[in-house]
Amino acid sequence: MVRRDSGSDDRTPGAFGAPSRRRVLRLAGGGLALAALTAGTVGCDEDSVDVEDPGSTGGDEPKGGGKGSGDGGDVGEKGQAPKPLWTKPTSAETYGDNDELVAAGGVVIASGSPLAALDAATGGQKWSLPGGAVPGAPLLLSEDTLYLASSEYDGSVIGYAPASGKETWRSRLGKEYRQPRPIAVDEEQVYVIAEILEEDGSSKTNVIAALDSTTGRIAWKEQRDVGTEQNGIHAAVRGRHLVYTDFKKNLTVRDTASGGQVWTHKTTKTNYGFFTVHQDLVIVPQGNVLQAFNLADGKEKWSLEASDGALFREPAVLEDVLYVADSARTMWAVDPRTGRQLWKSEALADAELQVPRQYVKAGDTLYGATDLDKQGGIIAIDARTGAVRWTFNDKTGDYHAWLVATDGKRVFALHGKKLHALPV
C-alpha cells in the first residue's frame with residue numbers, strides 16, 4: 001500500500017510571525033474562493049508612458065559593505081540603482097509567491113486578469129488572455145510551455161507558447177475532480193493537485209496526478225489523506241523524484257514514474273513550506289537549522305546552523321551555489337552538495353535592508369526581492385562576496401511583496417501593478 005501524505009493538523013506556527021494579508025491569501029489560494037478578486041482589474045496599457053519620474057526610482061546609497069563585502073564592481077555613481085529601461089502598468093494580481101512572474105520567449109508575464117505578456121525589450125504588449133490566470137495558481141513554466149489552470153474553472157489544465165500566447169496543449173482529469181492546479185513540470189509530465197468531489201458537490205480529499213505533457217493523458221493519480229491541503233503547494237521535480245510541501249509540517253517525495261510515495265518527513269519550522277533542490281538533495285530551512293536530505297531515501301546529508309539563534313529564510317540554488325539569508329540579515333553562500341560555507345556577509349544588516357525572499361542571478365550579480373516596501377525592493381548583491389551593490393525601490397509605498405525574474409539580459413521587478421525592467 002502506498003503511504004500517503006499525513007493530514008495531521010499540528011502545524012507549528014511560522015518562524016517569522018504571522019504572514020502578511022497577501023501571503024495568507026496566497027496560501028489560502030483556492031480558485032473559487034478568490035475568483036471574486038479578479039473583478040475590476042485594470043488591463044495592461046500598451047501605450048502607457050515609460051518611467052514617470054526617473055529621479056524617484058533609485059534606491060538609497062548602501063550604508064556599508066559589511067563583512068565579506070568587496071567593492072561591488074561598476075555599480076554606477078555612488079552605488080545608485082540603474083534607471084529602469086521601461087516601466088509599465090500591469091493587471092497583476094499577486095499574492096507574494098515566487099511563481100507569479102516569469103520571463104521566457106522574449107516576453108515577461110505577471111499573474112493577473114487579463115494575463116498579458118509584455119515584450120521584454122520594450123514593455124509593449126505582445127499578447128493577452130482575457131480569462132487570465134486563476135488567482136493563487138502558479139505560472140508554471142517548462143522549457144517551451146506555460147502551463148495554467150483554466151480560468152473557466154472547467155477542470156482543464158492548458159499549455160501555451162510563451163512567445164505567442166497560442167494554446168499548444170490541454171488536459172482534463174475528469175468531472176469527478178475540481179480545480180486542478182499545476183504544481184510542477186519536467187520533460188515528460190505535468191504534475192497537478194485537484195479536489196475530489198463528493199456527491200453533494202463538497203470536497204474532503206484531494207488527488208495528486210501526473211499528466212503526459214505530449215498527449216495530455218493521465219499517467220497516474222494518487223489520493224491524498226483527509227486533511228491534506230490542495231492549496232499553497234510548493235513543488236519541484238528532479239529526475240525520478242517529485243518533492244512538495246503543503247504547510248502541515250510535511251515534506252513529501254514521490255516517484256515520478258508511478259506516483260508512489262518514496263518518503264515523507266515531519267519537519268519543524270519549514271518557513272511556510274519553502275525549500276530548494278540541487279541534484280539529489282532537497283534543502284529545507286527549519287528554524288535556525290538548514291538541512292539537506294537525500295531525495296532517494298530521506299536521510300540527512302548535511303546541516304548548517306545559523307548563529308545567535310537567527311532563523312533561516314527562503315533558500316535558492318543558482319548556478320550550483322546555495323544562497324540564503326537569516327533573520328539577523330546575514331547572507332550566506334553555501335556549497336549545496338556539502339553544506340560548506342563559501343562566504344558570509346553582514347552587508348544587508350549594515351545597510352539596514354530587508355531580507356530577500358526570492359533570488360535570481362545574472363552575470364556575477366544576485367538580485368533579491370523583499371516582502372515589504374520601505375526598506376526593501378530589489379537588492380543587487382555581489383554573488384562572489386555578498387556586498388550590496390544597490391537597491392531599487394519605486395517608492396510607491398505599495399504593500400505588495402516584490403517579485404523578480406530575469407531573462408539574462410534584463411531584470412524584471414514587479415511591485416503591485418507596476419512592472420519595471422532594469423538593466424543587468
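How many bridges join E22 to strand E23, and in which direction do the two run relative to each other? Three bridges join them, and the two strands, with E23 covering residues 321-325, run antiparallel. Keep in mind as you look around that this is a predicted model.

## The chain as a whole

Let's start with the overall picture. The chain contains three helices and 32 strands. It has 424 residues, and 58% of them count as buried.

The accessible surface of the chain comes to about 17,300 Å², and carbon and sulfur atoms account for 47% of that area. If you take the contacts between residues at least 6 apart in sequence, 50% join residues at least 24 apart.

## A four-stranded sheet

Back to the opening pair: E22 and E23 belong to an open sheet of four strands, ordered E22-E23-E24-E25, with antiparallel pairing. Its edge strands are E22 (316-318) and E25 (341-345), each of which pairs on one side only. From one strand to the next, the twist averages 20 degrees.

For a residue-level view of the pairing, pick out alanine 316: its bridge partner in E23 is tyrosine 323.

## A look at glutamine 261

Elsewhere, glutamine 261 is worth a visit. This residue sits in strand E17, which spans residues 261-266. Is glutamine 261 buried or exposed? Its relative accessibility is 12%, and since buried means under 20%, it counts as buried.

Histidine 241 makes a handy reference point for glutamine 261: the two are 20 residues apart along the chain, and their C-alpha atoms are separated by 9.5 Å.

Key:
Residues are numbered from 1 along each chain as its sequence is written. This is a predicted model: local features need pLDDT of at least 70, side-chain atom pairs count only at pLDDT 80 or more; totals for chains, interfaces and linings use all residues. Side-chain values use heavy atoms; hydrogens and water are left out. Buried means under 20% relative accessible area, exposed over 50%, partly exposed in between (1.4 Å probe, protein chains only). Contact means heavy atoms within 4.5 Å. Accessible areas come from the Shrake-Rupley method with a 1.4 Å probe; for residues, only the protein chains shown count as cover. Two strands pair if DSSP finds at least two bridges between them. Axes are lines fitted to C-alpha atoms, for helices over the stretch in contact, and angles run from 0 to 180 degrees between N-to-C directions.
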